[in-house]
Amino acid sequence: MTDAGISKTTPPLSEQLQAFVGREIGAPDVARDPVNEAMIRQWCEALGDANPAYTEVDAAKASVHAGLVAPPTMLQAWILPGVEMARPMAEQRQDLQKQLHLLLDAAGYAAVVATDCEQEYHRYLKPGDRVSATTVIQSISAEKATALGIGFFIDTRTTFRDQAGEEVGWMRFRVLKFKPHQQPAPVQTGAATPAKPTRPRPPLGHDNGWWWEAVARGELPIQRCKDCGVLRHPPRPMCGKCQSTRWDSITASGKGTVYSYVVVHHPQFPGFDYPVVAAVIDLAEGTRLVSNIVGVDPAAVHIGMPVQLSIEAVDDGLKLPLFRPASV
Ligand code: ZN
């Protein structure tokens, strides 16, 4: 068989992608360091894991492990390449997975987000174990439309082995490689002044729509458990005290005090007038609310300051429960 005389064309992207499926990405990744106490301790400190089986020799000896073990969730940490991962992908050691990502970059699918991960552990790793891992590109989806943009879901499956070649665990990792939504180009309107940007809108749903409707009417409601009477904010379906899903609401008096606050200068978002005093308000009824304090010199705001609710339109179509200094 010969290709002579047959003109070659680049196959469509979907076909190029499917050529990656089922293949190992390259030689096994071998841990640069054996499983060791120092890395285990640093991991546990960073994650706040106080299990003595990981860090306290005597307690670990007395445990079912009869000695220190590594947290199972550290599995992937042993084979990560470290600082190399911070370099642009084209400058990293190449393997098939990176070639796949570079191919998608070149086709405009330049963004990536990890969507989910599944792991299974067969045994605990102990200091001295040496981990290696092989990764297979398990599947690549058809092009999908997602909230982030159109793209492809890529599943990889990594098998982890110890120094004897025994499988110690596996991981399935899924990423979405996608084309980010393009921001629409600003409309050129000649000499006309562009409209003032509006503030971001709250996401409205079944659990909080009623609260925003009340605010739009000029009231500040507080959700109340119909069974135990406990008040809660922000609105949510279940009482944290008695787990009842029955609720009604009361109307706040509007009296409050500043529990904590910060004066925001940067970063600045369109639609806000800076500086913004963002505060946690202790309502007289006992719940707290994050809001802005307006009509005051930011330097005069202090913890414990009495404030009064003022529901105000911040732009066309959005009313917010703001607070002003309470008149003495
Ligand atoms: Zn309750």
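Helix H6 (209-216), strand S11 (276-283), strand S12 (288-292) and strand S14 (318-325) each bring at least two residues to the lining of the second largest pocket. Helices here are DSSP runs of H or I with at least four residues, strands are runs of E with at least two, and both are numbered from the N terminus. A pocket is an open set of points on a 1 Å grid over the protein atoms alone, with protein on both sides within 12 Å along at least five of seven lines, while a cavity is a set where a 1.4 Å probe fits but cannot get out; lining residues have an atom within 4 Å of a point. The model is a predicted one, with local features needing pLDDT of at least 70 and side-chain atom pairs counting only at pLDDT 80 or more, whereas totals for chains, interfaces and linings use all residues. Residues are numbered from 1 along each chain as its sequence is written, and side-chain values use heavy atoms, with hydrogens and water left out.

This second largest pocket has a volume of about 390 Å³, a volume being the space filled by probe spheres set on the grid points, which are joined across faces, edges and corners. It is lined by 22 residues, and Trp212, Val290, Ser291, Asn292 and Leu320 sit closest to its centre. The lining splits into 16 nonpolar, four polar and two charged residues, where Ala, Val, Leu, Ile, Met, Phe, Trp, Tyr, Cys and Pro count as nonpolar, Asp, Glu, Lys and Arg as charged, and the others, Gly among them, as polar.

As for the largest pocket, its space comes to about 1100 Å³. Of its 41 lining residues, Pro81, Met85, Asp95, Gln97 and Lys98 are the closest to the centre. S6 gives the largest share of this lining, five residues. By class, the largest pocket is lined by 21 nonpolar, ten polar and ten charged residues.

Then there is the zinc ion, held by Cys225 (SG), Cys228 (SG), Cys239 (SG) and Cys242 (SG) as protein donors, 2.3 Å from it. Donors are N, O and S atoms within 2.8 Å of the metal (3.2 Å for Na, K and Ca), and water is not among the atoms, so sites may look incomplete. The four donor atoms subtend angles of 103 to 115°, so the arrangement is tetrahedral (four donors, all angles between 85 and 135 degrees). Along the chain, the donors follow the spacing C-x2-C-x10-C-x2-C.

Terms used: Four donors count as tetrahedral if all angles lie between 85 and 135 degrees; four count as square planar and six as octahedral if opposite donors are over 155 degrees apart and all others between 65 and 115; anything else is irregular.
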